[in-house]
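Subject: Structure handover

Hi,

Here is the structure I promised to pass on. My notes on what turned up follow below it.

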Amino acid sequence: MRVDPVSLKLFVSIVETGTIAAAADREHVAASAVSRRISDLEAALKTTLLRRTNKGVEPTDAGIALLNLARGVLHSLDEIAAQMAEYSTGVRGQVRVAANLSAIT
């Protein structure tokens, strides 16, 4: 079972906005697709992450735990992108200088 970053981002968005429809608008995804991803995530993790009510959704205890973990994972993924961008722009890298013994002295 793999948990993908898109599903985690959608889950975080749902908890922050309070409804699946608002999260779908925020992330520019169809509400049915968001609901399906969360259902698949709950099935993969074998636990209920959200309590669905007529006023929106509330995270369960497992949902709150996943929320904290998901934010950490998403932050780490952003850090990866930022650090790798430094290599692609030439800010970071490795320079090798070759010289013979007489040039060094």
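The crossing of helices H2 and H3 is right-handed. A crossing counts as right-handed if the near helix is turned clockwise from the far one by less than a right angle, and left-handed if anticlockwise. H2 covers residues 20-27 and H3 covers residues 31-45. Their axes come within 8 Å and cross at roughly 110°. The two helices are therefore roughly perpendicular to each other. On the angle classes: 65 to 115 degrees is roughly perpendicular, under 35 roughly parallel, over 145 roughly antiparallel, and the rest oblique. Axes are lines fitted to C-alpha atoms, for helices over the stretch in contact, with angles from 0 to 180 degrees between N-to-C directions.

H2 brings Ile20, Ala21 and Ala24 to the contact, and H3 brings Ala31, Val34 and Ser35. Contact here means heavy atoms within 4.5 Å. The residues of this H2 and H3 contact divide into 5 nonpolar, 1 polar and no charged. For those classes, Ala, Val, Leu, Ile, Met, Phe, Trp, Tyr, Cys and Pro are nonpolar, Asp, Glu, Lys and Arg are charged, and the others, Gly among them, are polar.

Before you go further, two notes on the source. This is a predicted model, where local features need pLDDT of at least 70 and side-chain atom pairs count only at pLDDT 80 or more, while totals for chains, interfaces and linings use all residues. Residues are numbered from 1 along each chain as its sequence is written, and side-chain values use heavy atoms, with hydrogens and water left out. Helices (H or I, at least four residues) and strands (E, at least two) are DSSP runs, numbered from the N terminus.

Next, H1 and H4. H1 spans residues 5-17 and H4 spans residues 61-89. They pack at an angle of about 125°, with axes 9 Å apart. That makes H1 oblique to H4. H1 passes H4 in a left-handed crossing. On the H1 side, the contact uses Pro5, Leu8, Lys9, Phe11, Val12, Val15 and Glu16. On the H4 side are Gly63, Leu66, Leu67, Ala70, Arg71, Val73, Leu74 and Leu77. The residues of this H1 and H4 contact divide into 11 nonpolar, 1 polar and 3 charged.

Val12 sits in H1. It is buried, at 8% relative accessible area. Buried means under 20%, exposed over 50%, and partly exposed in between (1.4 Å probe, protein chains only). Leaving out residues up to four places away in sequence, Val12 touches Leu67, Ala70, Arg71 and Leu74. Val12 and Arg71 are 59 residues apart in sequence, yet 7.3 Å apart in space, C-alpha to C-alpha.

Ser7 also lies in H1. Ser7 is buried, with a relative accessible area of 4%. With residues up to four places away in sequence not counted, Ser7 touches Arg37, Ile38 and Leu41.

Glu42 belongs to H3. Is this charged residue buried or exposed? Glu42 is buried, at 13% relative accessible area. Setting aside neighbours within four places in sequence, Glu42 is in contact with Thr47, Thr48, Leu49, Leu50 and Arg52.

Now the strands. E1 (residues 50-53) and E2 (residues 56-59) pair in the antiparallel sense over 4 bridges. Strands pair if DSSP finds at least two bridges between them. A hairpin of 2 residues joins E1 to E2. Arg52 has Val57 as its bridge partner in E2. Thr53 has Gly56 as its bridge partner in E2.

Two loop residues have backbone angles to check off. His28, in the loop between H2 and H3, has a positive phi of about 60° although it is not a glycine. His28 counts as exposed, at 74% relative accessibility. Lys46, in the loop between H3 and E1, has a positive phi of about 55° and is not a glycine either. Lys46 counts as exposed, at 76% relative accessibility.

Last, Asn100. It is found in the loop between H4 and helix H5 (101-104). Asn100 is partly exposed, with a relative accessible area of 48%. Its C-alpha atom is separated by 62 Å from that of Gly63, 37 residues apart along the chain.

Best wishes
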